[in-house]
Amino acid sequence: QVQLVESGGGLVQAGGSLRLSCAASGRTFSNYAMGWFRQAPGKEREFVAAISRGGSNTYYADSVKGRFTISRDNAKNTVYLQMNSLKPEDTAVYYCAAAGVVGIPTTPRRYDYWGQGTQVTVSS
């Protein structure tokens, strides 16, 4: 089992920044690719960003490319999502997830463990 706990969400004005953190415990963190997803009210959960087990490869949704940066610190068992130039349409609950696979999965069904989510609200 891997336990994931997100933090760092909150209310921010459009154009502002937030950094989300996801702390992992349980099994060896570096054995898992990590991803961030988000879900707005009435919408399906959507992929935001993912990072490979070693951290050398990343992938982003087109909607956040150039604004968000995913990173990880395997020594601290933590993955981060730096979010800049936030827009009202970024408002959602953000979830981190762990996938015990090689590569950078982008679909929710490929992830094995999920955090409880953290709310991000961007005001216009």
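Me: A salt bridge is a side-chain nitrogen of Lys or Arg within 4 Å of a carboxyl oxygen of Asp or Glu. How many salt bridges does a search of the whole structure find?

Reply: The search finds 4. This is a predicted model: local features need pLDDT of at least 70, side-chain atom pairs count only at pLDDT 80 or more, and totals for chains, interfaces and linings use all residues. Residues are numbered from 1 along each chain as its sequence is written, and side-chain values use heavy atoms, leaving out hydrogens and water.

Me: Which residues are linked in a network of salt bridges?

Reply: R38, E46, R67 and D90. R38 meets E46 at 2.6 Å, N to O. D90 meets R38 at 2.9 Å, N to O. Strands here are DSSP E runs of at least two residues, numbered from the N terminus.

Me: Is R38 buried or exposed?

Reply: Buried means under 20% relative accessible area, exposed over 50%, partly exposed in between (1.4 Å probe, protein chains only). R38 is buried at 5%. D90 is buried too, at 1%. E46 is partly exposed, at 34%.

Me: What do side chains do in a regular strand?

Reply: They alternate between the two faces of the sheet. Take β7 (residues 68-73). F68, I70 and R72 point to one face and are buried.

Key: Helix = DSSP H or I, 4+ residues; strand = E, 2+ residues; numbered from the N terminus.
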